[in-house]
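Hello,

Here is the structure we talked about handing over. Some notes on its aromatic side chains follow.

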Amino acid sequence: VQTCALPIYCTDHKVVGIQYLFGVFLILGFGGVMAMLIRTNLISPGSKFVTQEIYNSLVGLHGIAMIIGMIIVATGPFGNFILPIMIGARDMAFPRLNALSWWLLFSVIPVLISSVFLGGIPTGWTAYAPLSVQAGPGMNAFIVTIVVFAISSAVAGANITATVISMRAKGMTWNRVPIFVVGATISVALAIPAFPTFMLSQIMSALDRAWGTVFYDAQFGGTGWLYAHLFWIMGHPEV
């Protein structure tokens, strides 16, 4: 491991992997709290532990937190800490980009959590338009989270792909590559083209919300199907 004056400025793949693991625990912990609140509300028929609006928001926040956490749990912590060691590389191909992917992700964790105090996201984790266009300010936090998360995923995916392709130890042919490395490479290969469509869907939602564009407004020629298609181009490879 590199000797760093401050770990936050370190680009060593092991340090970044540990930071990713911390981030995963934080995200999954947040999603778990939302799950416990949901189950508490369902503890008895007709429970009024939370209002209907808050309940819907809890479901959406729980869903997106667990989805983000499980997307990065393998390629984030273990893809950074273990993958270079498995292929005999000293570090990732682009160490600074590696650190950048983590700090981009870290920067949006408080943004996602802040949606709790901004009215939440009443649309479920899929944030289907036009409901998302009509939602309160908590949806803005959701949109920012997805856009930055998509950039972070693209940077990390390109870095892992470059590392595996160009930095394998001498003599390590593709039939000798450990199965985890193959799985991680295929995973990010699916994510690189998929997540930009999710990011685009959120940018278009933001434009509809802020500037009155009509990408998802059927009355003016838009359609909610556009959102569904953009979303599931990401959703199916992610699953």
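Aromatic contacts

Arginine 168 is placed over the face of tryptophan 174, 4.4 Å from the centre of the ring. Please keep in mind that this is a predicted model.

Pairs of rings come next. There are 12 aromatic pairs in the structure. One of them joins tryptophan 102 and tryptophan 103, with 5.7 Å from centre to centre and 55° between the planes, which makes the pair tilted. Tryptophan 102 has a relative accessible area of 2% and is buried. Tryptophan 103 is partly exposed, because its relative accessible area of 29% falls between the limits of 20% and 50%.

Another tilted pair consists of tyrosine 128 and phenylalanine 231, whose ring centres lie 6.1 Å apart with 50° between the planes. This pair links distant parts of the chain, as its two residues are 103 residues apart. Tyrosine 128 lies in the loop between helix H4 (95-114) and helix H5 (131-134), while phenylalanine 231 belongs to helix H8 (residues 224-238).

Which of these two residues is buried, and which is partly exposed? Phenylalanine 231 is buried, because its relative accessibility of 0% is under 20%. Tyrosine 128 has a relative accessibility of 31% and counts as partly exposed.

Both residues also belong to one aromatic cluster, made up of Trp125, Tyr128, Phe198, Tyr216, Tyr227, Phe231 and Trp232.

Regards

How values were computed:
Residues numbered from 1 in each chain as written. Predicted model: local features only at pLDDT ≥ 70, side-chain atom pairs only at ≥ 80, totals over all residues. Heavy atoms only, no water. Phe/Tyr/Trp six-rings, centres within 6.5 Å; stacked < 30°, edge-to-face > 60°. Buried < 20%, exposed > 50% of the residue type's maximum accessible area, 1.4 Å probe, protein only. Helix = DSSP H or I, 4+ residues; strand = E, 2+ residues; numbered from the N terminus. Lys NZ or Arg CZ within 6 Å of the ring centre and 35° of its normal.
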